[in-house]
Amino acid sequence: MASIFTKIVNGEIPCYKIAETENHLAFLDVNPNSKGHTLCIPKKEVDKVFDLDETSYIELMLFSRRIAKAIEKTIPCKRVGLSVIGLEVPHTHVHLIPLSVMDDARFIQKVKMTPNEFESLAETIKKAL
């Protein structure tokens, strides 16, 4: 069965897209730790990040770096944290989380945003790419 991220890649589920290449997709997390929390995924469904072949792994990290740099330009934060956990969705994904305090990285407190806020934020980050 396809993961929720594969359904997003296939256009079956909408997302707040930031960037897309032939092999990768970046979109805002709809349950963000902080404003600008973004997910970067390979389009090919692979459960665990270390199961990616070496080239795919490096390409995902390079893609994630590009997105993180755009987030840094648009979201006031001390830094953009990177987390790869992957327990909730069996599809490799990189969390890019704007951090102002350590608790922003803990996946405990969540930020509430409206659909209009998500759309506006996605457009702002896209323009910084």
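Me: How far is the sulfur of Cys-40 from the closest cysteine sulfur?
Reply: The distance is 12 Å, to the sulfur of Cys-15, and this is too far for a bond. A disulfide is a covalent bond between the sulfur atoms of two cysteines; here the term requires a pair of cysteine sulfur atoms within 2.5 Å. Please note that this is a predicted model, in which local features need pLDDT of at least 70 and side-chain atom pairs count only at pLDDT 80 or more, while totals for chains, interfaces and linings use all residues. Residues are numbered from 1 along each chain as its sequence is written, and side-chain values use heavy atoms, without hydrogens or water.

Me: How many disulfides turn up in the whole structure, then?
Reply: The search finds zero disulfides.

Me: Which residue is the bridge partner of Cys-40 in β5?
Reply: The partner is Val-94. Strand β3 (residues 38-42) and strand β5 (residues 94-99) run antiparallel and are joined by three bridges. Strands (E, at least two residues) and helices (H or I, at least four) are DSSP runs, numbered from the N terminus, and two strands pair if DSSP finds at least two bridges between them.

Me: What is the order of the strands in the sheet?
Reply: The open sheet has five strands in the order β1-β2-β3-β5-β4, with antiparallel pairing. Its edge strands, β1 (17-20) and β4 (79-83), each pair on one side only. From one strand to the next, the twist averages 20°; such angles run from 0 to 180 degrees between N-to-C directions, with axes fitted to C-alpha atoms, for helices over the stretch in contact.

Me: Let us move to β2. Why is it described as largely enclosed?
Reply: Five of the five residues of β2 are buried, so the rest of the structure largely encloses the strand. His-24, Ala-26 and Leu-28 point one way, and Leu-25 and Phe-27 point the other way. In a regular strand, side chains alternate between the two faces of the sheet.

Me: Where do its neighbours attach?
Reply: A hairpin of three residues joins β1 to β2, and in that pair Ala-19 has Ala-26 of β2 as its bridge partner. With β3, β2 pairs over five bridges, and Leu-25 stands opposite Ile-41 in β3.

Me: What lies across β1 and β2?
Reply: Helix α3 (residues 115-127) lies across them, at about 35° to β1. The buried residues of α3 are Phe-118, Leu-121, Ala-122 and Ile-125. Seen down the axis of α3, they fall within an arc of 100° (taken from the directions from the helix axis to the C-beta atoms), so they line one face of the helix. The face turned away from that side carries the exposed residues Asn-116 and Lys-127.

Me: And which elements do the buried residues of α3 pack against?
Reply: They pack against β1, β2 and α2. In α2 (residues 54-74) one finds Ala-68, which is buried at 14%. Not counting residues up to four places away in sequence, Ala-68 touches Val-80 and Leu-96, where contact means heavy atoms within 4.5 Å.

Key:
Buried means under 20% relative accessible area, exposed over 50%, partly exposed in between (1.4 Å probe, protein chains only).
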